[in-house]
Amino acid sequence: MRCEYFLRSLIGSVCALVVSACGGDGGSSPPSPPTQTPPPLQPSPDPQVTPQLQRSVVMAGLQSPWDLAFAPDGAMFFTEKCRGLSVRDVNGTTRRLFGSSGAAVVASDFFCQGQSGMLGVAVDPEFATNRFVYVYMLSSLSSPPSNRVVRLRVDVNYTTVGDRTDIITDIPYKAAGNAWGGAGAHSGGRIRSHPGEGLLYVTTGDNHDGPLPQDPTRLGGKVLRVTRDGAAAAGNNAPPGADARIFTLGHRNVQGIAFHPGTGQPFSCEHGPGHSDEVTPLLAGGNGGWDPRPEQGVTCADDYCGYISNKSDGTPTPMTDLDKFPNAMRPWWTNNGRSEGMGPCTFLIGTQWSAWDGTLAVGIMAGRRLDILQMDNDGATILVHTVSDIPAERLRSLVQGPDGSLYVATDGGEIWRLTPRT
Ligand SMILES: [Ca+2]
């Protein structure tokens, strides 16, 4: 495999503001902030440490696959944004379980719009005994509609689901288009269960709603941390008056979350607005520093300054505004100050990954690539390996399967298996 190595410095030197395609946002094309040429990337001289990957296409012809999750026996659940939840069992038989017409259980309240629909899926840590899976879905049961986290029980033969329980019902949804994009935009949508805590982390989006990310009473632009019944988890450290389910606030549109294999700390992977995709280690009660409200004297259409400037000096609204939030959580990586539509992420775990064991794999949508982020020993710099022998596709989901391979869902409708060669 040909790999490109880049040595990029971390915090403090990554703030060049660069215009790029607004990857993954869809909808309209908002105005771009002023441009500045990024510093050149420095190639690393050592190409010897990367594993060779073998790619196979597990599924093709899917309709906007969004996420994947595996049962312990290897059955693979997957979502399609406008169809719902399906499963591919270990014999390779695929069944539609839950969602739109044609599923074993049709959810009449389920619909899709823009970037919203059936998004994340996660398997309960005790799936072998309780058969629970969780999906993040758009529902008309609320008025206006909302994003929900729904728990389902899967039968032993993977033919149907039952015992639907809506454990979170009030995640905001952008019900109408505005100057910045169509309905359904910025819904977040990832669900992951923490391997040590047994708690669910749920990522949400800002809906192109200026006040939402910093509003501690509403669940958009947040990372939530809840029990498997949807109750606020102990230790969230939400500020006074905040919804206790909020783990971190001040986010734009988080579509990736992963847990460090050594420490268990959650890392968010967040899509930037035209600059600065961000990978951020999260702290309970932390603020991500995204605040697209107009500051005094500034006017933005629909009071949302996410794509232009919320400041009187005209600088683009920062993904982490340290002037307004000096204690904001610092990003670990900012894609060299660019936004190329970072979406999913997962840590690679196991010796089969050789030098990539413990690294963070991130999927870039507009950039159509898979990057492997490797922190050096002092944590000050990150090696970025771009996997270059896979097709250039928008990567929507990254999940390591029980066989140790990395599974990838693409916006082109495929699910791949990437296996390190031994
Ligand atoms: Ca941030």
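Predicted model: local features only at pLDDT ≥ 70, side-chain atom pairs only at ≥ 80, totals over all residues.
Me: Which pair including Leu282 is apart in sequence, and how far apart is it in space?

Reply: Leu282 and Met329 are 47 residues apart in sequence, with C-alpha atoms 6.9 Å apart in space. Met329 is in contact with Leu282, as are Val223, Phe247, Thr248, Gln265, Pro266, Phe267 and Ser268, with neighbours within four places in sequence left aside.

Me: Why is Leu282 called buried?

Reply: Leu282 has 21 C-beta neighbours inside 10 Å. The term buried applies at 20 or more, and therefore Leu282 counts as buried. Leu282 is found in the loop between strand S19 (278-281) and strand S20 (286-287). In the chain of 422 residues, 52% are buried.

Me: What makes strand S4 mostly covered?

Reply: Strand S4 spans residues 65-70, and five of its six residues are buried.

Me: How do you know that S4 and S5 pair?

Reply: Pairing requires at least two bridges between the strands. S4 and strand S5 (residues 76-80) have five bridges, in the antiparallel sense, so the two strands pair. Pro65 stands opposite Glu80 in S5.

Me: Which residue in the hairpin of S4 and S5 takes a positive phi?

Reply: Gly74 does, with a phi near 100°, in a hairpin that has five residues between the strands.

Me: How many strands and helices does the chain have?

Reply: The chain has 27 strands and one helix.

Note on methods. Residues numbered from 1 in each chain as written. Helix = DSSP H or I, 4+ residues; strand = E, 2+ residues; numbered from the N terminus. Buried ≥ 20, exposed ≤ 12 C-beta atoms within 10 Å, placed from the backbone. Contact = placed C-beta atoms within 7 Å.
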